[in-house]
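I opened my notebook for a quick look at one helix and a few charged pairs. Here is what I looked up, entry by entry.

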Amino acid sequence: MKDKQISYYAQRAHEYEKIYHKAERQEDLRKLELLLPQLVKTKSVLEIGCGTAYWTQFMSQTANSILASDINESVLEIAKTKSYPTNPEFILGDYEQLDELEGQFDLIFAGFVVSHIRREHLENFISRLSSKLKRGGEIIFMDNVFVEGSSTPISESDEWGNTFQERKLDDGKAFRVLKNFYQKEDWKKLLKKPVEFNQLKFTYFYLLQIKHVK
């Protein structure tokens, strides 16, 4: 399943940012594009799943440094063609390889990544991220809110509560993609360790800040 999902995003590289062109989402996007630079100001940032660096370009306006990673070389090639106020370093890798990464960071950002993590693996995912944080650091997740008529419909679910969508590329190829949507009540149950979190919910997106994870 994971390999197929990686293949989907690799093949989608040149279509990657079309999702940000939906007319009804523009107001939310403008708010997030202004908010994110404020949250990462002067911080050392580790970005997980940077894709084509749509959000990297906004963080680079104010961050002290950015190390941006993705598991697909095809999206990183596009990311490297862009201009940034603070030049990020791009590396090929997955969150499961974080143990191999030297150094720690003030902030870890994962945009539209946590929805592709299986619910039963979420605690391990957050634990791996927190291992790369400096004391007092925080994790920020940005992801989708499910909105009928705008979001791709849910095609199925499993015994863990994971939900799946059927997505098609421009060439017609279809993929079964894991996509979980979380509400604030979900996070209260899923974040089992004593952490402080704040979820900012917009119409089409949410931003979750997790602090004091050590």
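Before anything else, I noted the cut-offs: a residue is buried under 20% relative accessible area, exposed over 50%, and partly exposed in between. I also kept in mind that this is a predicted model.

Entry, helix α2. I checked the length of α2, residues 26–39, first. At 1.5 Å a residue its 14 residues should span 20 Å, and the end C-alpha atoms are 20 Å apart, which agrees. Next I asked which residues of α2 are buried. I found D28, L29, L32, E33, L35, L36, P37 and L39.

Entry, salt bridges. I got a count of 11. I started with E17 and K82, whose closest N and O atoms are 2.5 Å apart. E17 sits in the loop between α1 and α2 and K82 in the loop between α4 and β3, so the pair ties together parts 65 residues apart in sequence. With 21% relative accessibility, E17 is partly exposed, and K82 is partly exposed as well, at 22%.

Then I turned to D158 and R118, which meet in a salt bridge at 2.7 Å, N to O. D158 is in the loop between β6 and β7 and R118 in the loop between β4 and α5, so this pair links parts 40 residues apart in sequence.

Last, I looked at E156 and R176, with closest N and O atoms 2.9 Å apart. E156 lies in β6 and R176 in β8, so the bridge connects parts 20 residues apart in sequence. I also noted that shared partners join R118, E120 and D158 into one salt-bridge network.

Terms used. Residues numbered from 1 in each chain as written. Predicted model: local features only at pLDDT ≥ 70, side-chain atom pairs only at ≥ 80, totals over all residues. Heavy atoms only, no water. Helix = DSSP H or I, 4+ residues; strand = E, 2+ residues; numbered from the N terminus. Expected span 1.5 Å × (residues − 1). Buried < 20%, exposed > 50% of the residue type's maximum accessible area, 1.4 Å probe, protein only. Salt bridge = Lys/Arg side-chain N within 4 Å of Asp/Glu carboxyl O.
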